[in-house]
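Q: Could we go through this structure together? I would like to begin with how its parts meet.

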Amino acid sequence: MIDPQDLQIALSSCNASAAQGGLQAAARPEGAADAAARPQTAAGAEKRPLPDLRLVIMTNREPFSLSSARGSLRLKRNSGGVVSALLPVVETGGGRWLAWHTGTPEERQELTRRVPYLELVDVSADEVRSYYEGFANGALWPLFHYALDRCRFSNDDWDTYVRVNERFADQLGDAGDALVWVHDYQLCLVPRLLRERNVPLHRLAYFHHVPFPPPDVFRVLPWHRQILEGLLGADQIGFHTESYVINFLRACELLPDAQVDFQARVVHYAGRSARVGAFPIGVDAPAIEKLAQRPSMTGEAQAIRTALRVDKLLLSVDRLDYTKGIAERFEAIDRFFTVHPQLKGVVSLLQIAVPSRTAVTEYRRLKKEVDELVGRVNGKHAEPGWQPIHCTYRSFSLPRLVAHYRAADVALVTPVRDGMNLVAKEFCASRVDDDGVLILSEFAGAAESLGRGTLTINPLDVRQFVAAIERALMMKRGERRERMAWLRRTVAANDISGWVNRVVAHATQAW
Ligand code: G6P
């Protein structure tokens, strides 16, 4: 095992100028000095009481799925913070959950029998291709991530998007005194459609889980006006960051009859008013901390490092998506080992890439690109018994992910654009040992709240990227501890139940 001191000598002897101040230095986190003295559990990481109200949730993807095991169907709760945070509120408050159904009628029947509050909206295979793969993920997803060159606009896909949104709106019926909460870019038109149908409902909220680009980017969408009108049917529209709120408010000025009050964050349009706000989503910090504190965890983390045979482990976990900056990261790794050949055999990157949207052309192309890059970088630098990049294409359970987070010396969370990025927050919540360094892209929504505790970079600046890896690897234990304790406290204070509470309180208060 190399000592951090040895690594420091190795790095500085090879790149003295960089080590002496040429490296990208992020400011010390505020309040860092007293952080080291804090106890092991991050302040605020207790379970918060969830709101007591009737919720009607509308999401594209269903919160449960069925898998067949040995001839019988097993109910599986889908992963993700939103599902685990909102299900208890729906269940205890007598709420409802509306989501698409793309399976067979038998599966539909079985799902709704086992989960009585689940109401499924049928979406055919052709509609999945057009509404989900075509419009939601071929047009809106790249548009909202500022990736105009990847947008594919099709009138037919737009028509299907309208049709499926209408079907969701038609399914709601009387919502009584519940808070109806519509989620994400697949369902942008639903709020306005509910108003047009005069559906009886008390309050209507919409949350946008992805970025919202500046108006010059957004207006490229031929149907940008309809998307804005769709969203403005809600009483409350939530985003992850202040900058997305501002981008949205500015986009609303594209509607000639809209009155935008930047001060009050309210948009008046078509006789209605919508309040807009930033509500950064969090992770289930108490649950992750609990997993990370399991007695077996140290051994599991050590086993991961041993299997990879490295002294310093860099880790990235992403859905396989072009917004995640995976190719840019591999370029940085290539350059790192070109500059630091003496660290071959010492440092490796483990990339966990979770397959996603594999029917969409851009995603298939990305898989090929990533495969080729891994081959090129490994071919260039590998030595017997060691390779610079290990890439796995599969998903991991949360406990296994936590073990990987604990095993890493440095997490690289470096998307080229990301609404929030919960991997960054999961990594921090897992580090109950107050160790590990987080390199975070300034283009992740998480940078707005975590930036001061991380090494923040522009992932397109390969020199800055390499310098951040150097700095992370050389960082002394004291500084790592101070930064991570601050990050953990910040993540725990803004966890998923706090997010639900804040959105709901804002959406239901009188104004
Ligand atoms: C990401 C996005 C979400 C999206 C989710 C699932 O996490 O931030 O907005 O809903 O992926 O995407 P999928 O296409 O697999 O349903």
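A: A definition is needed before we start: buried area is the accessible area, found with a 1.4 Å probe, that two parts lose on being put together, summed over both. Please also keep in mind that this is a predicted model.

Q: Which residues belong to domain 1 and which to domain 2?
A: The domain assignment gives 4–30 + 285–494 as domain 1 and 55–122 + 175–282 + 498–508 as domain 2.

Q: And how much area do domain 1 and domain 2 bury between them?
A: The two bury about 870 Å², and 55% of this is on carbon and sulfur atoms. On the side of domain 1, Gly419, Met420 and Glu448 lose the most area to domain 2, together 47% of what that side buries.

Q: How many salt bridges does the rule find across the interface of domain 1 and domain 2?
A: The rule finds 0 salt bridges there. However, 5 residue pairs are in polar contact between domain 1 and domain 2. By class, the side of domain 1 that touches domain 2 has 3 nonpolar, 3 polar and 5 charged residues.

Q: Changing topic, which residues surround the ligand?
A: Among them are Arg61, Tyr132, Trp141, Asp184, His209 and Arg357.

Q: How many Å is a polar side-chain atom of Asp184 from an oxygen atom of the ligand?
A: The distance is 2.3 Å. For Arg357, a polar side-chain atom lies 2.8 Å from a ligand oxygen atom, and an N or O atom in the side chain of Arg61 is 2.7 Å from an oxygen atom of the ligand.

Q: What share of the ligand does the protein bury?
A: Taken alone, the ligand exposes 390 Å², and the protein buries 69% of that.

Technical notes. Residues numbered from 1 in each chain as written. Predicted model: local features only at pLDDT ≥ 70, side-chain atom pairs only at ≥ 80, totals over all residues. Heavy atoms only, no water. Domains from an automatic or database assignment. Salt bridge = Lys/Arg side-chain N within 4 Å of Asp/Glu carboxyl O. Polar contact = N/O pair within 3.5 Å; in protein donor to acceptor, adjacent residues only side chain to side chain. Nonpolar A, V, L, I, M, F, W, Y, C, P; charged D, E, K, R; others polar. Near = heavy atom within 4 Å. Areas by Shrake-Rupley, 256 points an atom, 1.4 Å probe, with all protein chains shown as cover.
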